[in-house]
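Biologist: Could you take me through this one slowly, a piece at a time?

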Amino acid sequence: MVHAFLLHTLSPRPGDAAGPGRLLYSRVFGSERPDAAPEPPGLQELERERLGQKERMLVVARQVDTMCKLQQQVSGRPAADVILQLPDEPVSLQDAPAGLFRLPAGDPFGDRKTVLWLGVLSLGFVLVCDPHENLMLAESTLRLLARYLLDHLRLLGPGNDIVLKADKTEVILNKVLPHGQLLFLNDQFVQALERELSATLPK
Amino acid sequence: MFAAAAQSLLRQARDARPEELRALGARAAVLLQQPEPGAEAADCLRRILLVVAATKRHRKLDDKFVDVLERALCLPKCPPQIQVLCAAILREMSPSNKLSLSCHEIQETKLLSTVGAILLAQGNKKAAASAVGQRVIKVLEGRLPEGQSSRHLLPLLSQVISVFPASLTEDQTNVVNKRMVDWLRYASVQQGVAQPSGGFFSTPRTRQPGPVTEVDGSIATDFFTVLSLGQHYTEDQWLNMQAFSMLRKWLLCYGGEGASSPSSDDRSEVDGSVMSMVSATSTSSRLLPPKERLREKAFEYCQRLVEQSNRRALRKPDGDLQKACLIEAVTIMDIICRQDSSYVYRTLSCLKILHGRISRDLAYARALLPIAQFFLNHSETAAVDSEAVYKHLFTRIPAQLFHSPMLAFEFIQFCRDNLGVFTENFSIFRQSFPNLFKFLAWNSPSLILEFMDLLPALLGPDTAIEMLHLLLDLPCLAAALDVQLRSASASASERAACDPAAKPTSCLEAFRHPLYRSSFQYLLRTEAAPGDSPERLAPLRQLLGSVANSPRVVQCAETVPVLLQLFFNTAAEFADKPLINQLVLVLLERSDQLYELPAFKVDVHRVLSSQLLLLCRLRPSLVVELSKELLEFSGTVGNIQNKEDVYTYVVWAIGEYMSVSYDKRCTVEQINRFFEALEAMLFEITQLRPAASGPPSSPRVIAVLMTALTKLASRSQDLIPRVSLFLSKMRAFVQHPATASVYSEQDSEEILTRATELTNLLKMPSVAQFVLTPTAEVAGAQSQRDTHAALPAAMKMVSRFMERGAGFVPG
């Protein structure tokens, strides 16, 4: 199962005026409480848990940011925000930088995790997977998610307030990655999902 | 683009005051309680969601508002957008103890899915998982009311068992086992009908949908799977897809021992021999308990997927899915075999054929890994020789696919997961280290962490020397791989035979040039070649220097120092005397044969010199054994400039360990020879250089030379007058205009002080001997601390006594 999905901005250059990457959306599917922890937990413990969850997401986003920058250096592509794209041109995800890395147990999640990331137009799309997940399937799911989010959230449009469109993100996520479950979707299933999405999402 | 807009909104959200949030909540509550909450309600909820989600610290939401959210969520007529937003807010404030949601009464599957997700995000995961799991099973057991779909339930069930695997009872798992068999094996093979959308695509007459097809367009030959295509899918076909999607996890959780019936052991003989066709309807399987029956059907499903992956997909996404399905199918078969070894023989024959089919196809390389894992797990049971599989894996794949980051990661994880088995049983693993390091050279940032685990396993007495050379040449390897790739994609005209007489003008040309071809081949070798000498790489190293600034090479170079450190730490644990000596020789030899990348050289020199220290401490007598090489090294003035770090430590080691107390074989002649060499060096850099106005050497080198000379003199006391004379000339050196203009006051002062201390020490030869050549036991204790601190401190102490004069009794 996918433990979490994140969407964050990629900082174009170190020390840029825009500042470090920002977490735009995150959703955790798994539980990070150790099995042995007593239940029900107290109020303070609950708050600590929530805070810990948020901070772990930030740690992941920062690492993805670094990895993406390193990969962009190597591929010789210019920094993301220098690209001026026509709003109508479909974004090619084929060449978008992508990668995998491991987070060892305890740093920052209790168990070992695998991070799969995709960088498109200064946005980072990230899946935090449990070990021994089908990473090939995770990769195609992530690309699908990115495509839908880019399309339906009009990320190429001007004056974008992506953070205020969290409900659309939720709907897309619920369809493509319900409860964190990766789905073996052949092309026909994908088209069926797209039809359902178009019907559900207001334009 | 997004950063600026998002940042200001996020900051506003984080800075929102509690009163603002309360006001928003109150407004939202009013809007939600209207009969048809619309866009304004949605907008309000979005803002609240943003505030709650964007703040790390807890945001207090009014209890009454939470109540309103819960109620709105559960209303049957709640617009989907509002439902999503309410659920998101409740989830974002979790874990919390304010929620009073419960799933006990929920009949509607979509609502159950929404509420279930919120409950599973709360603090009491065991209770929540139990409750939600129970409810899901109950709904699955019964008949669903009209219009409800089970599609919403399976992913929720999957989340339940992920959050807390032991949340279901045996009865509950049997319900699921039975249903899974139906969904996986008996889904309809007819295409579904389009849902009537009404309007644009209204069909006056519904055509009878045909059967589902395979990915290559032909009619489906057997039961429905995720690789079956249809224009529209029926409910049970959706469930088939979802059931397979969670099958691996389900089997891992509930497919194994624990709740198995005693009779299943007797069945193993029968089942193992008969089943060869995929959809042979076996009446005996109906008698199996639900868990074992699911196992059987799951196995058949996987076998069918393996067959289906042999077809050529018409659409690329389907082709990609075939590969993912293959990986999943093999993994599930592996799990099934672990849970019931009677399946092993069937699986083996299937996988052998599969391996034969895909081993030549690079596009399927990632699927080779679970196949290899299967053989690792089960070949003992089957007494099958699987060496060919591993050989192919380790020799062909890294060489051809080092540049694929996903494969690289999975390959290395596969190695890490099986390190114990590989190092114990398969020499091919260690032998392939040059191939494995290609993954690291190309994908340094993402794999360096993995190689910290891999390197110690690959390192052994037989591979140590070769590996040291390879690590020092890792940036070259990255550069060479780049050239190899570019050469492979170069057009035929570019690849036209070049003139062997002319020198190549670019790396690309050199790749095919006879002068360099064998060097490239050596660098890019797939197996360890201990007999070959790496000296012949020198010209290639120089040539590849032209791409030293390429980002990939730079990133690769940055991993080398930490790998070297790890290498030496690991080698020190098992290296015997000859190996340590060899390592030191390599260290000395390679210190000026490094890839021409300034920062890289500096870092490597730093590590090499500190490791030299380590090795000398480990085996002090190597100084005597390698005296010839050390003499040559310390007597070459160029070494002072090019590799000051290494030189300094070599001189220090000579001074420290060239003594009878460390090795009885140390002779006076040897000490004298070293003395003369070092004296000549010190003369060169303090007397000749300033006169010729060459750049002065660093004060540290001078200090260590002075100290080393003094130490040697204290052991061969005829040399004392020579050293004392020399030391007395240091004042003149320091005051020379050329030196004074470059050295700081402090540096000059320190040189003089050191010279004075040493001179004082030499006035009492036996004290000098004790301080400067402690016996091995004393030195052993001393070496726990920083050796550099101990000696100067000792010398300072003696010096102070000397200068105070009265009351000091020479030893």
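This is a predicted model: local features need pLDDT of at least 70, side-chain atom pairs count only at pLDDT 80 or more; totals for chains, interfaces and linings use all residues.

Biologist: Which domains does the assignment give for chain B?

Modeller: The assignment gives domain 1 (169–192 + 211–255 + 288–382), domain 2 (385–492 + 500–619) and domain 3 (622–778).

Biologist: How much area do domain 1 of chain B and domain 2 of chain B bury between them?

Modeller: They bury about 1,400 Å² between them, and 72% of that is on carbon and sulfur atoms. On the side of domain 1 of chain B, B:Arg366, B:Leu369 and B:Leu376 supply 40% of the area buried against domain 2 of chain B, which is more than any other three residues supply.

Biologist: And how many salt bridges cross that interface?

Modeller: The rule finds one across the interface of these two domains. B:Arg366 also forms a salt bridge with B:Glu410, where the closest N and O atoms are 2.5 Å apart. As for helices, H16 (residues 365–382) of chain B gives the most to the side of domain 1 that touches domain 2, with nine residues.

Biologist: New topic: where is B:Ser591 placed?

Modeller: B:Ser591 is in the loop of chain B between helix H30 (577–590) and helix H31 (598–618).

Biologist: Does that residue count as buried or exposed, and why?

Modeller: B:Ser591 counts as buried because its relative accessibility is 1%, and the cut-off for buried is under 20%.

Biologist: Which side chain does B:Ser591 have a polar contact with?

Modeller: The side chain of B:Ser591 is joined to that of B:Lys643 by a polar contact of 2.9 Å. Leaving aside neighbours within four places in sequence, the residues in contact with B:Ser591 also include B:His605, B:Leu608, B:Phe633 and B:Val646.

Methods: Residues are numbered from 1 along each chain as its sequence is written. Chains are lettered from A and ligands numbered from 1 in the order in which they are written. Side-chain values use heavy atoms; hydrogens and water are left out. Helices (H or I, at least four residues) and strands (E, at least two) are DSSP runs, numbered from the N terminus. Buried means under 20% relative accessible area, exposed over 50%, partly exposed in between (1.4 Å probe, protein chains only). A polar contact is a pair of N or O atoms within 3.5 Å; within protein, one must be able to donate a hydrogen and the other to accept it, and residues adjacent in sequence count only if both atoms are side-chain atoms. Contact means heavy atoms within 4.5 Å. Domain bounds come from an automatic or database domain assignment. Buried area is the accessible area (1.4 Å probe) that two parts lose on being put together, summed over both. A salt bridge is a side-chain nitrogen of Lys or Arg within 4 Å of a carboxyl oxygen of Asp or Glu.
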